[in-house]
Each structure stands twice: as structure tokens, then as C-alpha cells.
Amino acid sequence: MLFSDKTLKGKQLNQSMALIMILHIIKLYMSVCISESSYDIKTERLYKTRQDLVQIPDGVFKLTDLKLLHLDENKIDKIPIKILSLNKLIDIDFSHNNITYIPEEIYMMTTIEKLYLTRNSIKHVSKKISALVNLRVLDLSHNYIKHLPVDMSALTKLTHFDVSHNNLKVFPEEFCQMIMLEKLLINRNKITAIPENISHLTKLKCLHCSSNKITHISYELHKLKRLYDLTMHNNLIKEITKRQLPNAQYITLHHNPLEKLELHDHSNNLVELYEYFKSDEYILQQGKKVIAFLKIKALVAQYYEFTIYI
């Protein structure tokens, strides 16, 4: 019996769809399964980046000597309780996934030194995170976090803390007990003030707090002698005096409603400040290079000890 062209095309279409479905199932199966023979049981470092994983493969939990686990840029939406079997882990990267919360099990893994959870959909951080006393690097950037528990101040070994690109309104002053901090990134939030005890962070080298709602620069910043990179642009700062500015090499101040700017007139490495007036705006220059373009009512100083980049 002969089939009409329409019937034949219909059968071919159904066969094609079935084949696509089978291939999809195979791909899904491969993405969640790692055979026991895939890795040496003594494996200490595992990188599975951009593998389209939707969950952590069961085979991973058999690698009990694992110290580093990087599963970034996948489609994982939760971290299972079985991760506790990996009790030697010190470096975990779940960045660029679909994780919506940090499970209790993570807070029980007190050996962790580096935890990367950037670019997920996390909204809440439990106070139990304070149990991770060996953390040196914590990246929670690009999430939807509105509040950080003050208990995190117990993370006194942190040297790198990134909570940029969230919905924070307050950066708790208790966090200034994290005295080992060298890099603190709190930019792209809704923070209105820098804690007055920021000077306790004597090892701080890099502080990014741009794109917030900060109205005032703390005088305590001037006490941070190791600070070399300070971003303050895109805030609500109207006045800056030389008592407020630290001896940093790189400072950004653009996109603030500045009315008064005072610059240091003493430095071990004096760099001549060329200034001139044009159309009610000051253009600050270093030689022929324009380094700042500010509309201000008062400019004080002939020399400065930092560079303003825009």
C-alpha cells in the first residue's frame, strides 16, 4: 500500500523528533553520571566547567580525597547533602549556576578556605556561615542578597570578600573585625555609609564602593595606609576634604554631585597639578592628560598624592 506524501512526511517528522528526544536523554544522562572508573579515587582537583550539568554527578561524591571542586558555569540548582562526604574540600566554585539558597551542609564544611557563589540567585545568607572560620576568599557577588548577618564578623581569616552587585542597604560595622581583609568589594548595592570603624582594616589594599548611595566619605579612610585602590564614583558625595582622602594611588570620584574638593598639597612624590577654569567647570590635568572633569565650587591645592581616574 502506498503512503501519501503527507503521511510519509508525518512519519519522518515523528522519527526525527524521537531521535532528538533520545539524544537529549543521552546527553542528560551523561551530564549527571560519572562512572566510578572515570576518575582516580585519589583525585584531588576536579574541574567541570561549562558541562551543562543540571546536578552534581553521583560519581563526584566518591572522590573523598577531593580538595578542589569547580563546577562553575553549569545549570546546577541545588547542592545536595552528599557533599558532606567530601570532607577534605578547601576550594569550592559554584559560580554561574542556578542556585537559589546556600544549604546547611555547606556551613558544616569548616575546612573550606575558598567559596565562590557569584552569579546565582541567592537571596539569603544564614548566620551559620560564621562556622566557616577558615574562609579566606568569599565571593557572593551578583546575587539578590538584601542582608548579611553580623555573625559573619567571625570570619576573621577573610582576605578577599566580594558582595558587589547585590541589594544591600547596610554594610555592618561589625565586619570591620575582619582584620585580615585586603580586598573588599561592596560596589553596586544601595549602601548609604561606610562604617566609621573602617580604619580597623589596617591590611586593606583595595576598597570598591562605587555605585551606591554614599553621601559622606569617612575620615577614618585616611588612616588606611596600605590602601591603594579606592573607587567612590557614582555615589551622592558633595564634599571631599583632604582629611578624608587616603594616600591611595588610584581613586575614582566621577559621577558624584561634588561641590568642594580639597587635594593634598604635600607628598613624598609630588606630581604637579595643572588646573584651569572653563565654563564653570574645573578640568584637572596631569601634563596634557585630563585626569578628572569636575563641576565644583571650590578647589584647594596645587599638588596631590594620588591620581583620579574617570
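Which side chains meet in a salt bridge at 2.8 Å, N to O? I opened my notebook with that one, and the pair is glutamate 104 and lysine 128. A salt bridge here is a side-chain nitrogen of Lys or Arg within 4 Å of a carboxyl oxygen of Asp or Glu.

**Ground rules.** This is a predicted model, where local features need pLDDT of at least 70 and side-chain atom pairs count only at pLDDT 80 or more, while totals for chains, interfaces and linings use all residues. Residues are numbered from 1 along each chain as its sequence is written, and side-chain values use heavy atoms, with hydrogens and water left out.

**Entry 1, the chain as a whole.** I found two helices and 19 strands in the protein chain; these are DSSP runs numbered from the N terminus, with helices being H or I of at least four residues and strands being E of at least two. Of its 310 residues, 46% count as buried. For reference, buried means under 20% relative accessible area, exposed over 50%, and partly exposed in between, with a 1.4 Å probe and protein chains only. The chain exposes about 17100 Å², and carbon and sulfur atoms supply 53% of that area; the method is Shrake-Rupley with a 1.4 Å probe, and for residues only the protein chains shown count as cover. I also looked up contacts (heavy atoms within 4.5 Å). Among those with a separation of 6 or more, 29% come from residues 24 or more positions apart.

Next I checked arginine 136 and glutamate 113, whose side chains meet in a salt bridge at 3.1 Å, N to O. Arginine 136 is in the loop between S4 and S5 and glutamate 113 in the loop between H2 and S4, so the parts they tie together are 23 residues apart in sequence. Arginine 136 is partly exposed at 33%, and glutamate 113 is partly exposed at 25%.

Glutamate 220 and lysine 223 form another salt bridge, at 3.1 Å, N to O. Is glutamate 220 buried or exposed? I noted it as buried, with a relative accessible area of 17%. I also found Lys42, Asp65 and Lys88 linked in a network of salt bridges.

Asparagine 256 counts as buried because its relative accessibility is 14%. What does its side chain reach at 3.3 Å? That is the backbone nitrogen of leucine 236. Leaving out residues up to four places away in sequence, asparagine 256 touches Met232, His233, Asn234, Asn235, Leu236 and Ile237.

My last stop was the loop between strand S7 (183-185) and strand S8 (206-208), where lysine 190 is placed. Lysine 190 is partly exposed, with a relative accessible area of 37%. Its C-alpha atom is separated by 4.7 Å from that of lysine 169, 21 residues apart along the chain. Neighbours within four places in sequence aside, lysine 190 is in contact with Asn167, Leu168, Lys169, Asn212 and Lys213.

Key: A polar contact is a pair of N or O atoms within 3.5 Å; within protein, one must be able to donate a hydrogen and the other to accept it, and residues adjacent in sequence count only if both atoms are side-chain atoms.
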